[in-house]
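Please open the structure in your viewer and keep the selection tool at hand. The tour moves from one selection to the next and says what is found at each stop.

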Amino acid sequence: MEQPIDYDSPWKEVLDYYFAEFMAFFFPQAYNEIDWKKDTRSLDTELQQITPDAELGKRIADKLIEVCTYNGEETWVLVHVEIQSQKETDFSQRMYIYNYRIFDRYKRTVVSLAILGDTSKNWRPNNYGYNLWGCRVEFEFPIIKLADYKDKWQELEESHNPFAIVVMAHLKVQESRNNLQSLKRLKVALVRHLHEIGLKEEDVLKLFRFIDWLIQLPEELENEFWNEIERYEEEKRMPYVTSVERIGIKKGIEQGIEQGIEQGIEMGLGQGIKQGIELGLELKFGSKGLLIMSEISKIEDLDTLRAIQSGIKTSKNVDELRKIYQISKSQEKN
């Protein structure tokens, strides 16, 4: 059975890193009206408080960010990234519900923006409303259709905006998902492209995390990929990926987490175990992983820590890991 590709987690992380670049790439008019000299503020906690219910469907990579415009107005930007393979009849309605829930609770101006990553060119929901007996509601929101960028490939290749790479990777993975050899060649080509467009080492590594997360290969092809990238980086004298990511992820997760935490458990060094878990969270999930460390730091049961240890290696995202140790804690109480 074909395994679904996890588009959710990599999009979330890249939005955390590059929100300004995201706005510049997809919504340039809005970008030009935001005062980027003033700090932006993540409001994900507020977003979670108004969208806790599951009946509205799965939310993908939603972000709520506070920005300041040049006229001094503080505005909340709701970025909704919807990655799915088919039309969803109530999508516009849910966009409306999210918008009014935020306004109703916080009385703040909310701008809703949607990124549609499905493969259909014709599905373009951008409004919701009704009109009865003189009562009229109209809600419109800008959408970006990633499929439209298939006709703008040269622009993507020439752009230095990180989201050009994100779009290229997303579209090509959709095209090649059933062909592992094509996915390997795609992964090599994208990483080479990261080097060739002159990005800083830090940006190469961040975007590599997106590509590596999106394109996961069987061990044999993954080894072929690393061999090609190693030869390429030696030739270019830019060992960004091979010297940091390969060593950090492969050895850090497989050895540092497995052996380091295991030794800590055997020795009864609770604090040492948690330090190992913290390292694993950062290596596997980036800054997103460290957000749950405050919860894990309160856990003293060794069996639960063992579950977390295993969960770091198998979970696709932070939410999956949280479920694992919450289940363990629940079983402990019973």
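**Before you select anything**

This is a predicted model, in which local features need pLDDT of at least 70 and side-chain atom pairs count only at pLDDT 80 or more, while totals for chains, interfaces and linings use all residues. Residues are numbered from 1 along each chain as its sequence is written, and side-chain values use heavy atoms, with hydrogens and water left out.

**Stop 1: colour by confidence**

Colour the chain by pLDDT, which is the predictor's confidence in each residue, from 0 to 100. The mean pLDDT of the chain is 77, and 78% of its residues reach 70 or more. Select residues 54–59, where the pLDDT is below 50 and where the model has 11 contacts beyond near neighbours in sequence; a contact means heavy atoms within 4.5 Å. Then select residues 245–258, where pLDDT also stays under 50 and the model has 34 contacts beyond four places in sequence.

**Stop 2: aromatic rings**

A pair of aromatic rings is described by the distance of the centres and the angle of the planes. Here, rings of Phe, Tyr and Trp (for Trp, its six-membered ring) pair if their centres lie within 6.5 Å, and planes under 30 degrees apart count as stacked, those over 60 as edge-to-face and the rest as tilted. How many aromatic pairs does this rule give? The count comes to 21.

Select Phe25 and Phe26, whose ring centres are 4.9 Å apart with planes at 90°, so this pair is edge-to-face. Phe25 has a relative accessible area of 16% and is buried, and Phe26, at 5%, is buried as well; buried means under 20% relative accessible area, exposed over 50%, and partly exposed in between (1.4 Å probe, protein chains only). Now select Phe139 and Phe141, where the centres are 5.5 Å apart and the planes lie at 35°, so the pair is tilted. Phe139 counts as buried at 11% relative accessibility, and Phe141 counts as buried at 4%.

**Stop 3: charges over rings**

A charge sits over a ring if NZ of Lys or CZ of Arg is within 6 Å of the ring centre and within 35 degrees of the ring normal. Select Lys172 together with Trp153, and you will find the lysine over the face of the ring, at 4.9 Å from the ring centre. Then select Lys187 and Phe225, where the charged end of Lys187 sits over the ring, 4.7 Å from its centre.

**Stop 4: salt bridges**

A salt bridge is a side-chain nitrogen of Lys or Arg within 4 Å of a carboxyl oxygen of Asp or Glu, and the structure holds 15 of them. Helices (H or I, at least four residues) and strands (E, at least two) are DSSP runs, numbered from the N terminus.

Select Lys184 and Glu224, whose side chains meet in a salt bridge at 3.2 Å, N to O. Lys184 lies in helix α8 (residues 180–196) and Glu224 in helix α10 (residues 219–236), so the pair ties together parts that are 40 residues apart in sequence. Lys184 counts as buried at 8% relative accessibility, whereas Glu224 is partly exposed at 28%.

Lys187 is buried, with a relative accessible area of 0%, and Glu222 counts as buried at 16%.

Next, select Arg41, Glu66 and Arg108, which are linked in a network of salt bridges.

**Stop 5: helix α9**

Select residues 201–214, which make up helix α9 and include Lys206 and Glu202, four residues apart, about one turn of the helix. Lys206 and Glu202 form a salt bridge, the closest N and O atoms being 3.0 Å apart. Is Glu202 buried or exposed? Glu202 is exposed, with a relative accessible area of 51%, although α9 is mostly covered, with 12 of its 14 residues buried.

Finally, select Val173, in helix α7 (residues 162–176), which counts as buried at 1% relative accessibility. The C-alpha atoms of Val173 and Leu214 are separated by 7.8 Å, while the two residues are 41 residues apart along the chain.
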